[in-house]
Amino acid sequence: MKDMWGLTVRGICEYNNKVLLLKLKSISAHDAGKWEIPGGKVKRCEFFDDALKREYLEETGLEIEIDSLYNAIQKNYTACKTGESIKSIQLIMKVSVKTDEVVISDEHDMYGWFTKEEIIGMIEDNQLTPPAIDAFLR
């Protein structure tokens, strides 16, 4: 069987020395109740920068500027709908915003702006999704 590959983009956004994280709903099919970096899957024939801007707007209501590449990691997962094994490349970008006024989507229960020290504590307490952990343990 042919390997399935996917591309995911996430954006680390700092505002006033704090980083934006979103908390997945407790009924989510993956990583329920954990915090994650905003972002998502890149659609077929979509540029990754456009995908990140789209995902950020959908999930947070924020318009972003993409500043730089922060990290790239591989995370494999099983697709919830099809059960297929997917090899995923995740591009973690540094992004910036002009405001911290977030409006979350129905994918998440809440959002928060956290210091790097608070994020280290969240990693130690197993509160972050694996891509977020890998991004911050760089």
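This is a predicted model: local features need pLDDT of at least 70, side-chain atom pairs count only at pLDDT 80 or more; totals for chains, interfaces and linings use all residues.
## Confidence of the model

The mean pLDDT of the protein is 91, and 98% of its residues score at least 70.

## Salt bridges and charged residues

Side chains of opposite charge can pair when their charged atoms come close. In the whole structure, six salt bridges are found. Three of them are listed here.

| Salt bridge | Closest N and O atoms |
|---|---|
| Glu 36 with Arg 10 | 3.6 Å |
| Glu 46 with Arg 54 | 2.8 Å |
| Arg 54 with Glu 55 | 3.1 Å |

The pair of Glu 36 and Arg 10 forms a salt bridge with its closest N and O atoms 3.6 Å apart. Because Glu 36 belongs to strand 3 and Arg 10 to strand 1 (residues 4–15), this pair ties together parts that are 26 residues apart in sequence. Both Glu 36 and Arg 10 are buried.

Arg 54 takes part in salt bridges with Glu 46 and with Glu 55. These residues belong to a network of salt bridges that links Glu 46, Arg 54, Glu 55 and Glu 58. Arg 54 has a relative accessible area of 17%, which is under the 20% limit, so Arg 54 counts as buried. Glu 55 is buried as well.

Glu 59 is buried but has no salt bridge, and the nearest side chain of opposite charge, that of Arg 10, is 5.4 Å away. Leaving out residues up to four places away in sequence, Glu 59 touches Leu 22, Pro 38, Gly 39, Val 103, Ile 104, Ser 105, Glu 107 and His 108.

Helix 2 spans residues 116–124, and its buried residues are Ile 119, Met 122 and Ile 123. Viewed down the helix axis, these buried residues fall within an arc of 100°, and therefore they line one face of helix 2. On the face turned away from this buried side, helix 2 carries the exposed residues Glu 117 and Glu 124. The packing partners of the buried residues are strand 2 (18–24), strand 3 (35–36), strand 7 (108–114) and helix 3 (130–136).

Asn 126 follows helix 2 and lies in the loop between helix 2 and helix 3. Although Asn 126 is not a glycine, its phi is positive, at about 60°. With a relative accessible area of 47%, Asn 126 is partly exposed.

Thr 129 is also placed in the loop between helix 2 and helix 3. The relative accessibility of Thr 129 is 3%, so this residue counts as buried. Beyond its neighbours within four places in sequence, Thr 129 is in contact with Leu 24, Asp 31, Lys 34, Trp 35 and Glu 36. Glu 36 is the residue that forms the salt bridge with Arg 10.

Asn 17 is located in the loop between strand 1 and strand 2. The relative accessible area of Asn 17 is 68%, and the residue is therefore exposed.

Gln 74 is part of strand 5 (residues 65–78). Its relative accessible area of 43% makes Gln 74 partly exposed. Apart from residues up to four places away in sequence, Gln 74 touches Trp 5, Lys 87, Ser 88 and Ile 89. Gln 74 and Thr 60 are separated by 14 residues in sequence and by 25 Å in space, from C-alpha to C-alpha.

## Cysteines

A disulfide is a covalent bond between the sulfur atoms of two cysteines. The structure holds zero disulfides. Cys 13 is buried, at 0% relative accessibility, whereas Cys 45 is exposed, with a relative accessible area of 79%.

Terms used. Residues are numbered from 1 along each chain as its sequence is written. Side-chain values use heavy atoms; hydrogens and water are left out. Buried means under 20% relative accessible area, exposed over 50%, partly exposed in between (1.4 Å probe, protein chains only). Helices (H or I, at least four residues) and strands (E, at least two) are DSSP runs, numbered from the N terminus. The arc is that of the directions from the helix axis to the C-beta atoms. Contact means heavy atoms within 4.5 Å. Lys and Arg count as positive and Asp and Glu as negative; His and the chain ends are not counted. A salt bridge is a side-chain nitrogen of Lys or Arg within 4 Å of a carboxyl oxygen of Asp or Glu. A disulfide is a pair of cysteine sulfur atoms within 2.5 Å. pLDDT is the predictor's confidence in each residue, from 0 to 100.
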